[in-house]
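Let us walk through this structure step by step, beginning with a pair of helices and then turning to aromatic rings.

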Amino acid sequence: MRVATDIGGTFTDLVAVDDNGKIIVGKSDTTPNKFEKGIFNVIEQANIDLKDIQMFFHGTTVVINTLTEKTGVKTGLITTKGFRDVLEIARGNRPDLFNLKYKKPEPIVERHLRKEISERLDYKGEVISPLNTDELNEILTYFKEYNVKAIAVSLLHSYKNDEHEKQVLNYIRTNYPEFSVTISSELSKEWREYERTSTAAFNAYVKPIAHDYLTNLEQNLIDKSSCKRNYIMQSNGGTSTFEIAKKTPINMIESGPVAGIFGASILGEVIDENNLIVLDIGGTTAKCSLVENGNVKISTNYHMEKTERYAGYPLKVPVVDIIEIGNGGGSIAWIDDSGSIKVGPKSAGADPGPIAYGRGGNKPTTTDANVLLGRLALRNFETSTSLEEIKNKFEISLGKQLNTKTDDLAMGIVKIANSNMLNALKLISVRKGYDPRDFTLVAIGGGGPMHSQALARELGIKKVVIPSTSSVFASWGMLMSDIRHDYSQTLLLPARGISYKEVNSVYDEIIRKAEETLNTEGVEASDVVITKSLDMRYEGQEHTVEIHVPYENIDENNIEEIIKNFHENHDRMYSYTLPENELEIVNIKIQALGKLEKPKMIETDTEEGTALKGEREVFYEESGWIHVSVYDKNKLKVEESVTGPAIIEEQSTSIILHDGDVLQKDKYGNLVIEIGGQ
């Protein structure tokens, strides 16, 4: 049996597949103080015998939570003489230009713990001044005095030549093995001094915590299940072994959310839908991403905590291009100083959770609004809370101050939440040159199916797909993933007149390293798949465009085709080209996949009985309260159609069909909705 678990801000999800292809799902509360407890809780609730687990996949919020809550270990930084304050200086391209109170992000490493060492490389990676290791003893003694647990090493131009960083690493390991050490060149071989230093510092900051967490979890798994094929979901949409993840935990920063995006791309192959917009609404956040021609977008320009008014912290690691906002089922509705109602980013979480949970929560949330509108049934919450209690708490928190009826207030909260999500969806589509009408919307997470049809209408999307395991879909995506590692190397060469031998030899060296890493993870050479690409730009530009390279080697016979593809992609993204300008190759990249055997997909079983459960009143913005039919999702027959307005329910979510929407169940249990009026 293969088991995947995903720790979210509110729930811990599980999907398991046995040897016959039967799918088992589970969902339990996340246990923030001891995450592994939630994992074993959900395994127990799903009635899975630990001894039956043959492969285990895991997505976790341990890294992102540690970083955003600033609960990592005390960290020191060693950098090139004269570059002590690179984290303080940061970038000048602040996002909120007219904000006179704008502040740069606070460095994660205190200034007195940022130490300089004598050494210097030039931009070609050639040594100007050798490394003076004699200075290290004084630096490390100082770090010990101040109880530093982890050290980041980021030296100038080490992306070109990492020899000095490796010397520092070896010195510390030999003479001060008590320190956990991160060198920037093991995380990224791309330029940008500030971004590389920031990445190394954050990896060091979280590394001991992630190491202890993964070691403890893996030991528990081995002790209780004897399972030794254990994998961690990474931010690039692939997995790695626990051992690799312990060294570079920063690659797990979006561990859970990206699994749903990757899973959607796999599902798209199965149902023949290659262009997808993926919307994942959980208890705390909403995430969205775009899949074009079956390809998940990957970027190394990730910024933690970035908003329209805050630059956030740059992390130079491969992450699925994803937009995340603080709007989920548990997002709290509140009134700002101007008297306007807002939804999120604060969340009620799992404890106490929304009012509907009956655990002492008293702040209105999006989930509570959906309950009041009849979209969610209280009976599915296993709660003693009544509708009257929820209405009373809405009245106390919001209604009196806004002088608004409860129905209108609840609908207003849903509309505000939808508006926030709509803006995020536009950021990954319209703002990047894509027409949403050319895509199918895949709705996942507990809240995705409730909001997706209204959002599809706004965007002009004609079809919505709700996977059979939508509420725990990130875990399903993990089961379908492969081991994956991404590598890049900054070159800065002109596109025309380059030394093809030089470029191809760099590619060959990176591929060799990737194959060695995959071999240590137990991947056979026949299961390795390599994909190449280039980051290119017009000479003098700042930003690059990534171009796929489908050739074994780059040479004079195909370079013009690569250049042509660059112009076409640049025009789509920025709506102009500069064909008369010279081009530069900035980075060469490879994606290395270690293919894992996938569980087989079988046709869905339909539960006995009639799908129609009855009727209830549901509030729609256009028509107010109306009687609608309510269906049991698990009892819908394959190819059975339901026309909206209607509600399709399962234990963990509801699908809201609007007037004219037509839903049909496919043979795998996915719900395909044709949006009415398109």
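In this predicted model, helix α1, which covers residues 35–45, packs with helix α6, residues 193–225, at an angle of about 30°, and their axes are 10 Å apart. Angles under 35 degrees count as roughly parallel, and α1 and α6 are therefore described as roughly parallel to each other. The crossing in which α1 passes α6 is right-handed. On the side of α1 the contact is made by F35, E36, I39 and F40, while α6 contributes Y213, N216, L217, N220, L221 and K224.

We can now turn to the aromatic rings, of which a search of the whole structure finds 10 pairs. A pair of aromatic rings is described by the distance of the centres and the angle of the planes. In the case of Y434 and F439, the ring centres are 5.8 Å apart and the planes stand at 90°, so this pair is edge-to-face. Both Y434 and F439 are buried.

Another edge-to-face pair is formed by F619 and W625, with 5.5 Å from centre to centre and 75° between the planes. Are these two residues buried or partly exposed? F619 has a relative accessible area of 10% and is buried, whereas W625, with a relative accessible area of 32%, is partly exposed.

Conventions
Residues numbered from 1 in each chain as written. Predicted model: local features only at pLDDT ≥ 70, side-chain atom pairs only at ≥ 80, totals over all residues. Heavy atoms only, no water. Axes fitted to C-alpha atoms, helices over the stretch in contact; angles between N-to-C directions. Helix = DSSP H or I, 4+ residues; strand = E, 2+ residues; numbered from the N terminus. Parallel < 35°, antiparallel > 145°, perpendicular 65-115°, else oblique. Left-handed = near helix turned anticlockwise from the far one by under 90°. Contact = heavy atoms within 4.5 Å. Phe/Tyr/Trp six-rings, centres within 6.5 Å; stacked < 30°, edge-to-face > 60°. Buried < 20%, exposed > 50% of the residue type's maximum accessible area, 1.4 Å probe, protein only.
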